[in-house]
Amino acid sequence: MKNHKEEEIWIGGKDLGSDPEFLKTAGNEFTDTPLYETMGEATESESYKTDRRDFLKYLGFGLGAATVASCDIPVKKALPYVVKPDTIVPGIPNYYASSYVNGGDFCSVLVKTREGRPIKIEGNSLSSVSMGGTSARAQAYVLSLYDTNRFKGPIARDGEKGFAASTWDAIDAAVKSNLNGNSRIAIISNSILSPTTKKAIARFKSSFPNTKHVSYDPVSSSAMLLANEATFGSKVIPDYRFDKANVIVSFGADFLGTWISPIEYARQYAKNRVIKDVDNASMSKHVQIENGMSLTGSNADNRILVKPSQQGAAIAALCNLLGGSGSGPSLPKEIMDSLRVLADELKGARGKALVVSNSNNVSEQILVNKINDVLGSYGNTISFAHPSMQRQGIDSDMNDLIADMNAGRIDAVMVYGANPAYDFPGSSFADAFAKVDFKLSFAQSNDETTALCDYVAPDHHGLESWGDAEPKLGHCHLIQPTINPLFNTRQAQTSLLTWAGEKLDYYDYLKSNWTQNILGGGSWDKALHDGFHNSGASYSAGAFSANVGNALSNVSKPNSSDLEINFYETVHMGNGQFANNPWLMEMPDPVTRTSWGNILHVPVKFNGVRKFIGFNDLEDGDTVTLTVNGVAQTAVVVQQFGQMPGTVSLSLGYGREVGGKSAVGYGTNVNPWLTTDANGLTQYYATDVAVSGKTGEDDDFASVQYHHTMGVKDVNTAGEEVVADELATGTLVKGFEGSLTNRSIIRRTHIADVKEFVHHLHEERHHFEHLNEQTLYPYDEYKEDLYDQGHHWGMHVDLNACIGCGACTVACIAENNVPIVGKHEVHRHHEMTWLRIDRYFYGDADNPNTVYQPMMCQHCDNAPCENVCPVNATNHSSEGLNQMAYNRCVGTRYCANNCPYKVRRFNWLDYTTADLWPSNEPELTKSDELPFGADNLTRMVLNPDVTVRSRGVIEKCSFCTQRIQSGKLVAKKEGRRLEDRDVRTACQTACPTGAITFGDTNNKKGQLSKKLRSPLNYVVLEEVNTRSSVNYSAKLINKIEKLDA
Amino acid sequence: MSGAPISPIRQPLVTGSKTYHQITEDLCGPTEKAPSKAWVIAFLISVAFLSLGIACILWTIWKGIGSWNLNRTIGWGWDITNFVWWIGIGHAGTLISAILLLFRQKWRTGVNRAAEAMTIFAVLCAALFPGIHVGRMWVVYFFFPYPNTRGPLWPNFNSPLLWDLFAISTYFTISLLFWYTGLVPDFATVRDRAKGFRRKLYNLLSFGWTGSAKHWQRWESLSLVLAGIATPLVLSVHTIVSFDFATSVIPGWHTTIFPPYFVAGAIFSGFAMVQTLMLITRKVLNLQDYITLEHIESMNKVILLTGTIVGVAYLTELFIAWYSGYVYEQFAFFNRAFGPYWWAYFGMMSCNLLIPQVFWWKKYRRSIVITFAMSIFVNIGMWFERFVIIATTLARDYLPSSWSWYVPTFVEVGIFLGTLGIFFTLYLIFTRVAPVVAIAEIKHILKSSGDQYASGHAEKHRTGQSLVVEDHHH
């Protein structure tokens, strides 16, 4: 019993002995010697060697086992909550009031979360700024939370190898060691709407007194700020009221799409465009003065075509015509004639007129102010009480900073929410930036500027952050987190405060700032619930005073160049900030109907016989060499109706070089072409332009609409007025007139003719009704039994309210898990959108008017798709819904063929990876990566109430059947009749102008029933007898006929 | 020569003054000899196409219908074009075997066997397309009205696609039975000449046929019954196929003229394909005595008739479109003729309506070269017709916003070539395993339509022959 204590536990005889071999191994629980070696004498025995037969056995077993194991469908487990959070009921969404902010872009929103995941953005109808409206960008905001390109944590430059993962402590230490109280620091940002962020920056400045904050806007409104400073003594952008204006004149300002506060303006604008009473129909007049067809221009009653370089002269001329004294540069006679007519219109609308301009020339903006002053707009359609804060940047500040950086006067730069290396005009930024020793970015994902930095301290996504925004003075909105940070990120404000020595939670900092400075005794909880607090802060500007004569002589001078180009911002892409967002990349531009890249718009001309000829004989999808100011790049062309001859247009925001897979490699970067004027302000046009002939073709030219017109008129070679596009439908010979205009798709008229129009419309509808009654199965008989009881869902779309902004299309994608298919697939017309906005041009072929028509499943009560489906996969509900049973769908596509509205979408490939065969995935992106939205992170955005469709089935608009179902349940639980507010479709809630109304047609008191009584209503393709459930109300315009004379 | 059993104005249908034994020798021969070099080469080419087709089909199943260039506007393209084309081709066989049998057209005997085989192979090729063109072919069994635990959930009996399923499956079954019934006595003939395994095989295939009078009587009855069943199918199958289009609401599809127009077109294309095949077969297998110029001319007459019917239908469509005052219809037909796919329309018009008019001249009806060229033209023209109806119509329908354009991918073309491969592979195998011309039926008409029995013809055609024509006068 030596070497052994009695109390120890022994297992076998060897434990009791003291065999040194045994003692050596006794402590090792896991031995690393092979099993056979511990088996004594068998060590070298043949029986433990693998012979050929054994090898084959193992091989056989291994292969068999692997095969059997791999036959299993991988099971993804969903685990229930162990302890359920109080506020989360599985299956019931929670809504949090918050705000969408991106630079100067603002929208007050409700964030819908399911089981703790934000999945949808809704408008906040309480907000006094966005008033429940949203934009495509706001709708797509939720996807950017799940962007796979986001930084997973802080990173730091690691020699030449690029970035390496770092820690927050290391970043903090690096800041401490590199910066001190004397460091000359610059913080670069876009306009900051957040008062608390500004306070945090001020706090940072107090610790680092040599800090300056430079803000600029990717699409600049500096001239407006400076002009208002010059004329009113206040560097702000006033509050425009488009609803109060009877005559709206815009010099290039895309106020419905991108200019300052488009959601707000669109809502105001539509108020005065919708016809409330047909007998006393009235609407505002809207004249757009521009060269390319902008979203706003496409909604205008008249467009006066001026070249970009003539715009200043046109403003000056209008100013003079309205009683200004002095002389501006001369303009061609036809433009002057138009401006004279316009001046008369404006004079007649004194006090109810509004003139705006996107010009970034201070003198021109001073003249616009002068015009508004002469017209009595200030105090009526323009107010300084709650000025907009949405554009604050002054371009020249950035130029000064670049000069400072070049001169070595800047030690450190922090880039917050901006990407100047990409979107700051010209190419001077990057070189200057390289001369700074310490460069830090707060970017959430990699971009051109961040790639040049030394440290990245990634900010939270807005949906993970606390914050606030004051888009208009006194209108303070809150941002609250709706999910825990997904990655190891830290709020930028927290970073700044930490480096300034504050050890504060940013929530506390925000709340104390609000309590002290904003709430004024109001309730924090109420502000958080509503999403905003109107502090009542207001502002009063001085009286107008300006040296008009000086301004008149300083407007930009018309150029005699044969070809000019303007650069513009699109409603979805901004200046590239949204390029990582595939929802926005795939959203077709409302005007060109192209996606995945910017397209050079070239003018198109009727040849007088039967063809439209593009500038330089270019056709859609051709590539050209575009040379601007001597620098050549390749661009893809589209023939654009309404593009002024002698001009071309190309949008900002594409051609990103650093970014995610949806950002890089699409389109042409125009920012290097931008130049500044004498005051250092960016000019969004150029006069030194050359467009080559066709150099090739874009193989993946992604356009969702190939035919653009519905009856545009022009003169033929004999000088007679003909409907040119109808003639152009023939390839071999001329088409016949009436082939497009006699279709019952778009109904439109001039407001002056509305009574005759209504009479004619009703006659025609009566005729259709008569035709449709010639059937063995009279609709009215079965309708009474089937659809007059219970619910019968229907929709109304007001074409006069629809501005084509596309918010509804993105909302539909978000709500219904509509797949994103990529450029190549869009090129093949495989886009999956359930809701699209058809755009047609009509009127004068050279300067047409536009109508937008949201087109979704019409839920026909006599649906052509239903009776042709061999397996009953699509059928009609007792509530009038045309339903799709995806599980039952075999995929014959017969229904899609037989749909007159062409709204059915087929899953051509495995767009969602809902399939067992993964082989078709890479095709979508032409790389080895997954399709857009197929990775687990992005899938977090999926709406759990909507099935993700697999390959090979048809899908289409369901009238948001999941919302109908949950609305019905709510009403049932509360024991009451279902009301309008219970069920609102995603497109309806997204619309900033209220163009879409959804409801129960059997609810005679409902909003829909009221809209359905409008005499302007019609049904698309009524004579096909589909018994559509969607009514459209006709498009009216208030065109100033004299302008075209 | 008076009292001859054959009308003096009829041409003989069997030339070469054949004896029964010679007929047996001539027609069984190809199944007994080693294949010729030409056959082997043709077979290898066919199998190569077939393999290409299978590869493309597997690719389609693996990748999805997205490997084709169909799109949101044009949901059917080459797939359904090929489907209708093949179904149409099948029709000649049924017409020859059923309707011509009932009408006692003796010239059918020379071509009915091959035409029926062609029907079956064409229907097989056709039936492939509805199967593979769907998005989820692994659930195509949903089409069938079988008892199930889903309610039960039945297919939609209102859908023309379901009618198609029944029409085509019935058609295939009846055609197969008809063809096989005809083959039974011939298989027995082959059996009687064979030895060893072949004998056993053909014994099985011939169902123990002994040639007793009872057998012949039952065989005749069954043939007539099947002909009776098959006759309405000639009209109904393509009528129902045309319903796929005619019952829709798409202008250019929604046309009441479609059923007769499709049936005429089907027979038209079917006879063209019979001509293509028979002209080659009679040459390669040396069957000029059984498939004579008389047969060819008869079929050319059918081609002329049906082609003209189809042409009238084309013109009627245009007239009705104009007369309807319905702009969608007017545009649909304008677009067919003069829109971006005008070349397909003109291909169709010239191949189907204009070019067959040469058959008004007897010289051309009896010209092998012209007939062969024509048969190819007609096959191309009828393919274009289906393409025009399907793809061109869909490309530009009601909403101009959704107008589109369609060119097939390599995969779609590959599948079409693959069906040609399947068709010819099966046909080539058929020529090796079964008598290409119905032996029993030829023997049946020998004494009424053999040239040695026809007045005047024997001398005219067969003067140098050593065969002594006995039994000249009854």
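## Reading the model

Residues are numbered from 1 along each chain as its sequence is written, while chains are lettered from A and ligands numbered from 1 in the order in which they are written. Because the model is predicted, local features need pLDDT of at least 70 and side-chain atom pairs count only at pLDDT 80 or more, whereas totals for chains, interfaces and linings use all residues.

## Where the two chains meet

Let's start with the contact between the chains. In chain B, 45 residues are in contact with 55 residues of chain A (contact means that the C-beta atoms of two residues, placed from the backbone, lie within 7 Å). On the side of chain B that touches chain A, α2 (37-63), α5 (160-193) and α10 (327-338) each supply at least two residues. The largest share, four residues, comes from α10(B). These names come from DSSP runs numbered from the N terminus: helices are H or I with at least four residues, and strands are E with at least two.

What kinds of residue make up this side of chain B? By class, there are 26 nonpolar, 15 polar and four charged residues. Here Ala, Val, Leu, Ile, Met, Phe, Trp, Tyr, Cys and Pro count as nonpolar, Asp, Glu, Lys and Arg as charged, and the others, Gly among them, as polar.

## Domains of chain A

Chain A is assigned domain 1 (1-72), domain 2 (238-382), domain 3 (559-706) and domain 4 (748-1037), with bounds from an automatic or database domain assignment. The centres of domain 2 and domain 3 of chain A, taken over C-alpha atoms, are 25 Å apart. In chain A, 17 residues of domain 2 are in contact with 25 residues of domain 3. The side of domain 2 that touches domain 3 gets at least two residues each from α9 (295-299) and β11 (302-305) of chain A.

## A helix in chain B

Now look at helix α4 (residues 108-132) of chain B. Its 25 residues should span 36 Å at 1.5 Å a residue, and the end C-alpha atoms are 35 Å apart, which agrees. The expected span is 1.5 Å times one less than the number of residues. Of the 25 residues of α4(B), 21 are buried, so this helix is largely enclosed by the rest of the structure. A residue is buried if 20 or more other C-beta atoms lie within 10 Å of its own, exposed if 12 or fewer, and partly exposed in between, with C-beta atoms placed from the backbone.

## Strands in chain A

An open sheet of four strands in chain A has the order β41-β34-β43-β42, with mixed pairing (two strands pair if DSSP finds at least two bridges between them). Its edge strands are β41 (996-1000) and β42 (1017-1018) of chain A. Strand β34 (residues 793-798) pairs with β41(A) in the antiparallel sense over five bridges, and A:M795 has A:F998 as its bridge partner.

Elsewhere, strands β2 (residues 105-114) and β3 of chain A run antiparallel, joined by six bridges. They form a hairpin with two residues between them, and A:E115 in the turn has a positive phi of about 50 degrees.

Is A:R593 buried or exposed? A:R593 is buried, with 20 other C-beta atoms within 10 Å. Its phi is positive, about 65 degrees, although A:R593 is not a glycine.

B:F207 also has a positive phi, near 55 degrees. B:F207 counts as exposed, with 12 C-beta neighbours inside 10 Å.
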